[in-house]
2 protein chains.
Amino acid sequence: MALIVQKYGGTSVGSIEKIRGVAKRVLEYHKQGNKMVVVLSAMAGQTDNLIRLAQEMTDEPDPRELDVLLATGEQVSVALFAMAVKSMGYEARSLLGFQVAIHTNRLFGKARIHDIETERITKELEKERIVTVAGFQGLDGKGDITTLGRGGSDTTAVALAAALNADVCEIFTDVNGIYTTDPNICPRAKKMDRISYNEMLEMASLRAKVLEIRSVEFAKKFNVPIHVRSTFTQERGTMVVAETEDMEKVLVSGVAFDKNEARITIKKVPDRPGIAAKIFHPLFKSGIIVDMIVQNTSEDGETDLTFTVPTSEFQKTLSLVNKVGKEIGAQKVLGDKNIAKISIIGVGMRSHAGVAQKMFDTLAQENINIMMISTSEIKVSCVIDQKYTELAVRVLHTAFGLDNDLGEKS
Amino acid sequence: MALIVQKYGGTSVGSIEKIRGVAKRVLEYHKQGNKMVVVLSAMAGQTDNLIRLAQEMTDEPDPRELDVLLATGEQVSVALFAMAVKSMGYEARSLLGFQVAIHTNRLFGKARIHDIETERITKELEKERIVTVAGFQGLDGKGDITTLGRGGSDTTAVALAAALNADVCEIFTDVNGIYTTDPNICPRAKKMDRISYNEMLEMASLRAKVLEIRSVEFAKKFNVPIHVRSTFTQERGTMVVAETEDMEKVLVSGVAFDKNEARITIKKVPDRPGIAAKIFHPLFKSGIIVDMIVQNTSEDGETDLTFTVPTSEFQKTLSLVNKVGKEIGAQKVLGDKNIAKISIIGVGMRSHAGVAQKMFDTLAQENINIMMISTSEIKVSCVIDQKYTELAVRVLHTAFGLDNDLGEKS
């Protein structure tokens, strides 16, 4: 007997038949005496349909009203799910963001949860009802509907699990767990049994899209164990949990990559205080997110500055930087879209020397040139030529002992 | 400068283009200095789509959850409308039932409004914002979403107009007012300039579908003037208002008809106390709404009982009545689906003798047999053979002086 929060994504509730399947699955847990809280996303494609409708109306939909519109997607899912459960002879209640209530700030489209009331849910659970909560949505201090942004239903689920002090938060998705790397490019990738919050955060920041990054931050903050698993099998998935000592025995937990970044280099920038601020200010103002930044030590009062931005922002960034480059008297601005960022991640790095060295050696053996390097406590990232991405992932996966023993996809 | 509540139905907001048109229309009023509250229905077809989705899930969708599902239709409309207004450079705010708040009882699918808070709307209006309110939905005492039933957006609009003490409630629809009878079968039908609440109530109960009956009850109770007019022209429509003395000068205001009733006759029912109750009890329990009931004076301890029910309930009613007929020892049960109910309506009847007589004479002149008669203070209804419906409407329309002078549809 446990209190379990489960979250099912858009593909898991993508049709009437699939919602019925989810209801059956939830009922199995319920019949075993567990208290069930089920967070649902909008049916697959629905959020995109609603966004299209808004864009048909106007190029820049009002953010407050866009949230009112988008919130209907999850509302439809929870109503249909509760109907399904009731049609199977069990009690269920759907609750929307305002009914729970899930309190957020007023950042429409990317609101942050600051408080969740638990009274209504607890009351429904005491009556042996299955509670289904619309993901992705909340209520601000003025009583207006907010949404949490893409992947927001993960955050809803983890935040609810934290508020309700749930035993576990299960995130059901269309893959059966978190892998050491993308099995599509590395057939020897292994499903991990568990991963620490910090490693997962590094993975998520690299767009390994299994879990939304804020949901992991939430889980870490409140120590909520997350179980990432497949909607379509009964198999155990991957537990995302607090770090334990034995985790450090493993040098590297996973290899991640990102092909969606582009590199900008500003050559011979005068090296004086305030220059970096001057360069990045127009990017910040335009909402461009800069990822890696590398600046070499200055030799003769001039330095080279290199950084990466999302590929989608490449042209915009180039024109902004060209402008500021002239103002500050830099020699020239170079850009390159054909790069990839390869990262190795693992809490074991903290207590083991030579991890970065091994990464560089491994890449060197394949004649892969490293263009940029950036490190964190539990991650080393290298920017390389994009065409070597798959090769680099595979050799690193092998070098750090991550390969599936059977040499097959598990 | 006035406070105006406007309601636009599903066809008026049936597409992005049409919603934009409504926004432009509302802005014209706004620019003239009027405070605007705009109630919207779901986009045409949306409510039916949602009902289909629910029925795909289960034959009997849970009423609470069905309301959660259906409420999304109006939510989409108001969000899109507010976006449209904002894209035109003006301020707008959408409000849902729970945000206003519109308090109802807990009769899911046919909830009744018992209280409307005005604070939020008033505050938004003071900021010169156009307020758009989702029609059809409310909030019960437990914080659950309720819906008001078909045509509920009319009720929302009128109730809001009453609560806000609005100057007028304008109901925009796809016809340009209320006619003396259906122009489709009587080309000489005239658009009325005004009609009293009571006459409109009788019209509405005859399924002359321009206004939902509860909205008229509300308007009557709180003396809210309703202006029924077309979304697609600037023409004045019909005012629904409190009765004035001069209205009584007109003998008959309109001719209504209803082909969707069927007649059941129970022959030779033992005439003793409690028999009628016994006959109607199973119908009541099955939720069948009985309209006209006629019982002849008993001659020899036996009587004939005739009543009408909606055609859609005909078979069900027949089998229930056959059963109870045997129990009480009635001679036999007859049924007839090919009937029509023709009614003349007018507050003038109260002060003029001979109106019913004139109706009977007019029908007799055309050899139309009258099967049942029922009267109220301002209405006389006759049941006739359905095939004479159009003829009966036309001759009565002429006999009571309702014909358009030009002999053409106005």
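Start with the largest nonpolar core, which has 238 residues. Such a core is a set of buried Ala, Val, Leu, Ile, Met, Phe, Trp, Tyr and Cys residues joined through C-beta atoms within 7 Å. A residue is buried if 20 or more other C-beta atoms lie within 10 Å of its own, exposed if 12 or fewer, and partly exposed in between, with C-beta atoms placed from the backbone. Select V5(A), F81(A), L160(A), V5(B), F81(B) and L160(B), the residues with the most contacts inside this core. The core draws at least three residues from each of domain 1 (3-174) and domain 2 (244-410) of chain A; these bounds come from an automatic or database domain assignment.

This is a predicted model, in which local features need pLDDT of at least 70 and side-chain atom pairs count only at pLDDT 80 or more, while totals for chains, interfaces and linings use all residues. Residues are numbered from 1 along each chain as its sequence is written, and chains are lettered from A and ligands numbered from 1 in the order in which they are written. Chain A averages a pLDDT (the predictor's confidence in each residue, from 0 to 100) of 92, and 97% of the residues score at least 70. For the complex, the predictor gives an ipTM of 0.84 and a pTM of 0.85.

Next, centre on F81(A). Not counting residues up to four places away in sequence, F81(A) touches I19(A), V22(A), A23(A), V38(A), L40(A) and T132(A). Contact here means C-beta atoms, placed from the backbone, within 7 Å.

Now show both chains: 25 residues of chain A are in contact with 25 residues of chain B. On the chain A side, α2 (46-57), α3 (63-87) and α4 (97-100) each supply at least two residues, and α3(A) gives the most, with 13 residues. Helices (H or I, at least four residues) and strands (E, at least two) are DSSP runs, numbered from the N terminus.

Move to chain B and select α6 (residues 152-163). This helix has twelve residues and reaches 16 Å from its first C-alpha to its last, close to the 16 Å expected at 1.5 Å a residue, where the expected span is 1.5 Å times one less than the number of residues. Ten of the twelve residues of α6(B) are buried, so the helix is largely enclosed by the rest of the structure. Among them are D154(B), V158(B) and L160(B). Just after α6(B), N165(B) takes a positive phi of about 55 degrees.

Finish at G45(B), in the loop between β2 (35-40) and α2 (46-57) of chain B. G45(B) is exposed, with 12 other C-beta atoms within 10 Å.

Note on methods. Contact = placed C-beta atoms within 7 Å.
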